[in-house]
Amino acid sequence: MAYIISLRKVTLLSIFIFIFCSPSMVLSQFFSSIQLPPTARGPESFAFELGTGRFYVGVDDGRILQYNGPATGFVDFGYTSGTRSKAVCDGATNPDLGPVCGRPLGLGFHYASSQLYVCDAYVGLVSLDSGGGLANLVSSSAEGEPYRFCNGLDVHQLSGNVFFTDTSTVYDLRNASKGLTANDSTGRLLKYDPNTKRVTVLLKNLTGPAGAAVSQDGTYVLVSNFNSNTTMRYWLQGLRANTYDIISTQARPNNIQGTLAGDFWQAAAMVKQPTQSLVPIGQRINGFGIVTRTVNFEPWYGNNLISGVQEFGGALYVASRYVNFVGVYSF
Ligand SMILES: *[C@@H]1O[C@H](CO)[C@@H](O)[C@H](O)[C@H]1NC(C)=O
Ligand SMILES: *[C@@H]1O[C@H](CO)[C@@H](O)[C@H](O)[C@H]1NC(C)=O
Ligand SMILES: *[C@@H]1O[C@H](CO)[C@@H](O)[C@H](O)[C@H]1NC(C)=O
Ligand SMILES: *[C@@H]1O[C@H](CO)[C@@H](O)[C@H](O)[C@H]1NC(C)=O
């Protein structure tokens, strides 16, 4: 009896410590970081291999890195721009080198064809096979309008169709970093069909479309409009085909990634009171925009916004253009 009571006391004490003491200590059991190579910065999104635990990430200087686990770490896998050289670009921080070095943003595998599709902010839609190296250009314009800012991407595994966003047909990534794009509504949602090799414009006049994610059954695509703080559901099939509705107004929505269970994780922001500052969050949402989980990443990212949260192997992998590590949040 005495033993049970003291055990209970210990349990209560540890709950007390868990809730009230040293947040960094307590929280660190959930969060770890994987450091990028010394000159790499700004992981924007991820693509995971099936079964191996290996993943791919695009960074600021134009490289696509492959992560091979803690022993080997990251190695160079590929690049998107034919004008990129390691001498000029590796570790480069000058934004005006972007068009020369490339800037891979959205990444996604089509597993059946072993293609890694990449939306490069300057180059457009490209693909790489398992050998990596220089990517093949898939598409750089649609309806005669070049992509100015290829951004989010997702692949429908059954059909092989690639859904992606062009954030603006006027402003590129450099202009966006200077805040010029706030009122721009020239963004597009696009679809690449690998069978016909054609790109279709699904939606235009969007306000800063960033992320895109297709439902497992291929009936709809979710699109995050970063600048208008809206998340749309665009119907591909059924009675509502070719129409959309707004399913969320969470601030600063960015990349969205599907989960095995058929719902989604979305990177976004929350307005913190009373300071009104923005803090980065990840939200698990379903196809109706209902939030089933929110994770606040402020303890590890402060006011740096995140661009992606992707569930893999029981953890959330966190991407942010403002840091030099990949966050791993276990839950
Ligand atoms: C976008 O930025 C580039 C490079 O700084 C500049 O040349 C271009 O004029 C800008 N575009 C607009 C529309 O402001
Ligand atoms: C966007 O529009 C608002 C309202 O008209 C204006 O205050 C703001 O300066 C504009 N921002 C940019 C970047 O043009
Ligand atoms: C998009 O915006 C342009 C310019 O404001 C307008 O002429 C056009 O009708 C719009 N298109 C759609 C599909 O809303
Ligand atoms: C989007 O949300 C941000 C952060 O709350 C806010 O500053 C901005 O004005 C919002 N934009 C629109 C178009 O509502």
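1. Over residues 151–238 the chain is 6% helix and 50% strand, with the end C-alpha atoms 27 Å apart; helices (H or I, at least four residues) and strands (E, at least two) are DSSP runs. The unreviewed UniProt entry annotates residues 151–238 as "domain: Strictosidine synthase conserved region", and such annotations may be inferred rather than shown by experiment.

2. This is a predicted model, in which local features need pLDDT of at least 70 and side-chain atom pairs count only at pLDDT 80 or more. Residues are numbered from 1 along each chain as its sequence is written, ligands are numbered from 1 in the order in which they are written, and side-chain values use heavy atoms, with hydrogens and water left out.

3. Taken alone, ligand 4 exposes 360 Å², of which the protein buries 46% (Shrake-Rupley method, 1.4 Å probe).

4. The side chain of Asn 229 has an N or O atom 2.4 Å from an oxygen atom of ligand 4. A polar contact is a pair of N or O atoms within 3.5 Å.

5. The count comes to 27 aromatic pairs (ring centres within 6.5 Å; planes under 30 degrees apart stacked, over 60 edge-to-face, the rest tilted). Among them, Phe 46 and Phe 55 are edge-to-face, at 5.6 Å centre to centre and 80° between the planes. Both Phe 46 and Phe 55 are buried (under 20% relative accessible area, 1.4 Å probe, protein chains only).

6. Ring pairs also link a cluster comprising Phe 30, Phe 31, Trp 265, Phe 297, Trp 300, Tyr 301, Phe 325, Tyr 329 and Phe 331.

Technical notes
Polar contact = N/O pair within 3.5 Å; in protein donor to acceptor, adjacent residues only side chain to side chain. Phe/Tyr/Trp six-rings, centres within 6.5 Å; stacked < 30°, edge-to-face > 60°. Buried < 20%, exposed > 50% of the residue type's maximum accessible area, 1.4 Å probe, protein only.
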